[in-house]
Amino acid sequence: MKEVYFNPKGGAIVASARFTHSKVMIANYSMMLRLKDSNESTILKVGDNTNVEDDCAALSQPVSLNDGRRLILETGFVGQDFASYPQYDIVLELHQDGNILGYAHESGVLTGKGQYSLLFIKLIAS
Amino acid sequence: MKKAAIILVSLLSSFIAKSQGRDSVMLGMLRLNFVVPDMPAFKAMGTDPSAILRPSTAQAFAVSVSEFYQNGQFALPTDFAMELTPSLLLNATRPIENVIRSYSKAQWLKTFRVSIGTAANRAPHLGRSMAIGLRSNLINKGDMTTDKAYLQNVVMALGDFRMASRKALATFAHQHGIDTNKVDYEFRIMSNPVLKTKFDDLLFDMEAQRVFMAKLDSLKQDYKLRNWNAQKLDVAFAVVGSGGDSLLKNVQLNKYAFWMTWALRAGKSGQVLLGINAEARRDNFVVKKQNEFYTTVSLPLRYMSGSNRLKGYAELQYQYVGIERSHYSFLSLGAEVNPYDGFWVSMYGGINHNYTNAGTSFVTNLNLKITLPESFKLF
């Protein structure tokens, strides 16, 4: 699992999702934060890639509480024209104080049917 | 040339047949089977008395065949044309980043099309005519991939699919002896290439997938029903050359043609087409005037009503033919039918009246238009 280090005394941690353009694929996602050593989750944001809204959410504060938690991006998606544009990219990224802390990434081939992706990032205070 | 027509039709038939396999359940969603538009290279050859150039969504590849019903009998077609959309063909293997950039480029460039046509001349000594046409959409409403209501409906269906996939993942874990009480058990599946492939296969065929695909298909059909008559503005240009023999040797350019057609929505199931067509052409029948160009101007108005797959229409056209210094009117009734995916039949009959010389003639026309089916994979 991708591990990302953050400053427990720094500013808010922001998670952002990036998807291939909606003209190529349509995505519906849920961004979740899972408690330390548990499968209990809280939903940070539910959204899609078809609007102009930023696909990002701030993690809970104080920031130090996020140590050991996992950020999860769950995506359901479908290719708009999989025959002509067959590739997709999904990126889950973490930011703090204007810096990119790290990211998880999945790329693959669109099938024209419904597809499912799960990206995990483990947060570690340093 | 007749052999070439037979081979072309046979090849297209085999493409259509090939696309009916497993892949045919997938949706090539960008390729909506709206009517195949009239092709400038076909229109320019003047075998069709209506001067309107029917606008529509760009197709990667399309073929138009005409003049196969003459004197009450079916015959092998003597006139045909094909049209290609370079942006749809060239983008097919480009990296995603470039494709995304290309979407923000000019509309006219994305819908720019080139057509090539050939037809038998009225006078046998003139051999065949060949035409090259260029066209583009300046306005192209009815693009499903940017329609907010459509996208939002797909997003909702994807939400249901995502939840169903999550449940399926838990079931899959149980089936493979993975304890779902263990922390991040999902990651064990998604990070294991063998398990991930198995799970993807499960998703591909599960019931929730069938429900999602049925919903997607229904949204697509509904979109076509509501948007076949969306606003469009097309411009086109064509040149026509005639050759002295079937190999088109010693080709002489003898016609230049320009079209502009504005298609407007008229209620839920109607569309109005307003057109202008201007041509400068040489007349090869009057020997002493062979080097002179004459102007023909046409102003057609068409009202269409129906659905994407079946439309009827009435058309009225004024035409001034410079070489004859004559004024014509053309009144016609016609229909467009889409019996199979990628296959269109267009037919009309009308009265052509010459006001200058007080002459009237009856005209009929039957056209076949073929394009790649929606599910056909380009590459």
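Modeller: Helices (H or I, at least four residues) and strands (E, at least two residues) are DSSP runs, numbered from the N terminus. This is a predicted model, in which local features need pLDDT of at least 70 and side-chain atom pairs count only at pLDDT 80 or more, while totals for chains, interfaces and linings use all residues. Residues are numbered from 1 along each chain as its sequence is written, chains are lettered from A and ligands numbered from 1 in the order in which they are written, and side-chain values use heavy atoms, with hydrogens and water left out.

I begin with the backbone. Pro62(A) is found in the loop between strand E5 (56–58) and strand E6 (70–79) of chain A, and a cis peptide bond, with omega about 0 degrees, joins Gln61(A) to Pro62(A). Asp97(A), although not a glycine, has a positive phi of about 50 degrees; Asp97(A) lies in the loop between strand E7 (87–96) and strand E8 (99–109) of chain A. In chain B, Arg325(B) is another residue other than glycine with a positive phi, near 50 degrees, and Arg325(B) is placed in the loop between E11 and E12.

Now the charged pairs. Taking a salt bridge as a side-chain nitrogen of Lys or Arg within 4 Å of a carboxyl oxygen of Asp or Glu, the count over all chains is 13. One of them joins Asp200(B) and Lys196(B), at 3.0 Å from N to O. Both residues belong to helix H8 (residues 193–205) of chain B and are 4 residues apart, about one turn of the helix. By relative accessible area (buried under 20%, exposed over 50%, partly exposed in between; 1.4 Å probe, protein chains only), Asp200(B) is partly exposed at 30%, whereas Lys196(B) is buried at 15%.

Other pairs link strands. Lys255(B) and Glu279(B) have their closest N and O atoms 3.5 Å apart in a salt bridge. This pair links distant parts of the chain, with Lys255(B) in strand E8 (residues 252–265) and Glu279(B) in strand E9 (residues 270–282) of chain B, 24 residues apart. Lys255(B) and Glu279(B) are both buried. The salt bridge between Glu336(B) and Lys311(B) has its closest N and O atoms 3.6 Å apart. Because Glu336(B) lies in strand E12 (residues 326–340) and Lys311(B) in strand E11 (residues 310–321) of chain B, the pair ties together parts 25 residues apart in sequence. Glu336(B) and Lys311(B) are likewise buried. Finally, salt bridges with shared partners join Arg34(A), Arg70(A), Asp184(B) and Glu186(B) into one network.
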